[in-house]
Amino acid sequence: MKFFVDTANLREIQEAVELGVLDGVTTNPSLMAKEGIKGTDAVMRHYRQICEMVEGDVSAEVIATDFDGIIREGEALAELHPNIVVKVPMIRDGVKAIRYFADKGIKTNCTLIFTAGQALLAAKAGATYVSPFVGRLDDIGHDGLQLVQQIVDIFSNYGYPTQVLAASVRHVPHLIQCAELGADVVTCPLSVITGLLHHPLTDKGLATFLADHKRVNA
Ligand code: G3P
């Protein structure tokens, strides 16, 4: 399973790179706004910086919602770096744009997926990734992980090459269950990835080992 960090924060991305387990980055307009990045030039510079830091796919989202605008923005983003994946919302013109990008060999991530039908449509259009939002479905009393399961099963039934990128992954159990279900990728804050490190028995065991070593070598 690939690990992506879901952030536009360069410090957090650098920390994830240094951990040695990072496969890519996803961003969205909210995450860019959180970093205070405004204006097309600054946005493009920021994406280029992220691509230079990470060996792996970097999802950069279009703002346009009409076909021509999505194509214009997506092509400009794709020209920035070979690792850019154009992130396109699940809307009618988005699906048409995904087909256009697929035919041109430009990678896409279809975002804001909340049903298996939306994922199927994006896969049919040739999306590289689909992003079901696990946590946001949980937020409204649905089961986000059940959606991941459905999409994994459907893609496996037909051998679709589209990868299931579980997004809005909020905590360690989400991540582990996505792995059990066979999601190709999870994207989450770095804290969820580093959350995998911890167990109280690991801490207790290490403290005992070090104390015993110190006692014998005193
Ligand atoms: O990748 C999508 C993600 O940024 C949404 O996460 O926690 O805002 O639902 P969240």
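1. Across which strands does helix α4 lie, and at about what angle to β4 is it running? In this predicted model, helix α4, formed by residues 67-80, lies across β3 and β4, and its direction is at about 160° to that of β4.

2. Turning to the strands themselves, β3 (residues 57-61) and β4 (residues 84-89) run parallel and are joined by 4 bridges. Within this pair, Val 58 of the model stands opposite Ile 84, which belongs to β4.

3. These two strands belong to a closed barrel of 8 strands, which runs in the order β1-β2-β3-β4-β5-β6-β7-β8 and has parallel pairing. From one strand to the next, the twist averages 30°.

4. The ligand deserves a separate point. The residues that surround the ligand are Asp 6, Asn 28, Phe 133, Arg 136, Ala 167, Ser 168 and Arg 170. A polar side-chain atom of Arg 136 lies 2.7 Å from an oxygen atom of the ligand, and an N or O atom in the side chain of Ser 168 is likewise 2.7 Å from a ligand oxygen atom. For Arg 170, an N or O atom of the side chain is 2.8 Å from an oxygen atom of the ligand. Of the 310 Å² of accessible area that the ligand has on its own, the protein covers 80%.

Definitions and conventions: Residues numbered from 1 in each chain as written. Predicted model: local features only at pLDDT ≥ 70, side-chain atom pairs only at ≥ 80, totals over all residues. Heavy atoms only, no water. Pairing = 2+ DSSP bridges. Axes fitted to C-alpha atoms, helices over the stretch in contact; angles between N-to-C directions. Contact = heavy atoms within 4.5 Å. Near = heavy atom within 4 Å. Polar contact = N/O pair within 3.5 Å; in protein donor to acceptor, adjacent residues only side chain to side chain. Areas by Shrake-Rupley, 256 points an atom, 1.4 Å probe, with all protein chains shown as cover.
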